[in-house]
Amino acid sequence: MCGLDTLTQPCVMYNIGSNNDISFEKAIHAHTGCEIHTFDPTLTRPYIGLEYSAFHKIGLGDRQHVSSQGWQMMSLADMMRNLSHVGRRIDILKVDCEHCEWDSLLPVFSEMEKGRLSVGQLLVEVHAPRVWTSNHTAFFEKAAKAGLRMFSKERNQWGCAGWKCVEFSYVDRQHACRAFTSTHCPAASPAQVCPEGW
């Protein structure tokens, strides 16, 4: 995570993929007070984190549909519309959805590039595809065009056979500048530190 103490209130966090591990929701709740929403259509038991986040039995997709597994899927834009968050910034978007990232995040990057959607930080676990295609290369190119900058990457050595998953952390320029200014130049404003379009 980058610059949690510089988040503008009220903040919003979406966690895509839970498997009833609520450690991230608990930490974000304790440190930020953000409004938290957890999405996971695969849970077969009751969600245990309602003290920290609202739960939605919905998965992230590239559009609204029912998957071949019978799961309700929505694009991020659909999720935001459903929660009356249109026009709001998603301060933290955490995605661990077992391969859905490749298709479902491309529309998110396109909307961000057009200025229709704002995501402050993207924390995504990327799962190795069976066959690498241009679509996978486009994922990283479109993230950069959306204004996201990678600040961390780490192989998930505890899951995915120890090498098939990598956790990438991205931050958008606006949040990166605010966090940098707060820690390195507290007397200055972000506009003074970061030039337009840097």
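**Close-up views of a predicted model**

**View 1. A salt bridge between Glu35 and Arg88.** Glu35 is partly exposed, with a relative accessible area of 34%. In this predicted model, the side chain of Glu35 meets that of Arg88 in a salt bridge, with 3.3 Å from N to O. The pair joins distant parts of the chain, since Glu35 belongs to strand 2 while Arg88 sits in the loop between helix 2 and strand 7, 53 residues apart. Arg88 is likewise partly exposed, and its relative accessible area is 28%.

**View 2. Other salt bridges of the structure.** The structure holds six salt bridges, and one of them joins Arg89 to Asp91, whose closest N and O atoms are 3.8 Å apart. Arg89 counts as buried at 17% relative accessibility, and Asp91 is also buried, with a relative accessible area of 5%. Together with Asp172, these residues Arg89 and Asp91 are linked in a network of salt bridges. Elsewhere, Arg116 forms a salt bridge with Glu111, with 3.3 Å between the closest N and O atoms; Arg116 is exposed, at a relative accessible area of 58%, whereas Glu111 counts as partly exposed at 24%.

**View 3. Glu25, a buried acidic residue in helix 1.** Glu25 has its place in helix 1, and this helix, formed by residues 23–32, lies across strand 1, strand 2, strand 7 and strand 8, running at about 170° to strand 2. Although Glu25 is buried, it has no salt bridge, and the nearest side chain of opposite charge, that of Lys94, is 6.6 Å away. Leaving out residues up to four places away in sequence, Glu25 touches Asn15, Ile36, Thr38, Tyr47, Tyr52 and Ser53.

View 4. Seven strands form an open sheet in the order 3-2-1-7-8-10-9, with mixed pairing. Strand 3 (54–56) and strand 9 (148–155) are the edge strands, each pairing on one side only, and neighbouring strands of this sheet are turned against each other by 15° on average, with direction ignored. Strand 8 and strand 10 run antiparallel and are joined by seven bridges, and Val126 stands opposite Val166 in strand 10. Helix 3 lies across strand 7, strand 8 and strand 9, and runs at about 160° to strand 8.

**View 5. The largest nonpolar core, around Leu93 and Leu105.** Of the 32 residues in the largest nonpolar core, Leu93 and Leu105 touch the most other members, and helix 3 gives the most to this core, with six residues. When residues up to four places away in sequence are not counted, Leu93 touches Tyr14, Ile16, Leu76, Leu105, Val119, Gln121, Leu122 and Leu123. Apart from this core lies another, of nine residues, among them Leu7, Phe24, Cys34 and Ile92.

**View 6. Val95 in strand 7.** Val95 lies in strand 7 and counts as buried, at 1% relative accessibility. Neighbours within four places in sequence aside, Val95 is in contact with Ile16, Leu60, Glu101, Leu105, Leu122, Leu123, Val124 and Glu125. Glu125 is 30 residues from Val95 in sequence, and their C-alpha atoms are 6.4 Å apart in space.

View 7. Three strands form an open sheet in the order 4-6-5, with mixed pairing. Strand 4 (59–60) and strand 5 (65–66) stand at the edges and have a single partner strand each, so one side of each is left without a neighbour in the sheet. Strand 4 pairs with strand 6 (residues 72–74) in the parallel sense over two bridges, and Gly59 stands opposite Met73 in strand 6.

How values were computed
Residues numbered from 1 in each chain as written. Predicted model: local features only at pLDDT ≥ 70, side-chain atom pairs only at ≥ 80, totals over all residues. Heavy atoms only, no water. Pairing = 2+ DSSP bridges. Helix = DSSP H or I, 4+ residues; strand = E, 2+ residues; numbered from the N terminus. Core = buried A, V, L, I, M, F, W, Y, C linked by side-chain atoms within 4.5 Å. Buried < 20%, exposed > 50% of the residue type's maximum accessible area, 1.4 Å probe, protein only. Contact = heavy atoms within 4.5 Å. Axes fitted to C-alpha atoms, helices over the stretch in contact; angles between N-to-C directions. Lys, Arg positive; Asp, Glu negative; His and termini not counted. Salt bridge = Lys/Arg side-chain N within 4 Å of Asp/Glu carboxyl O.
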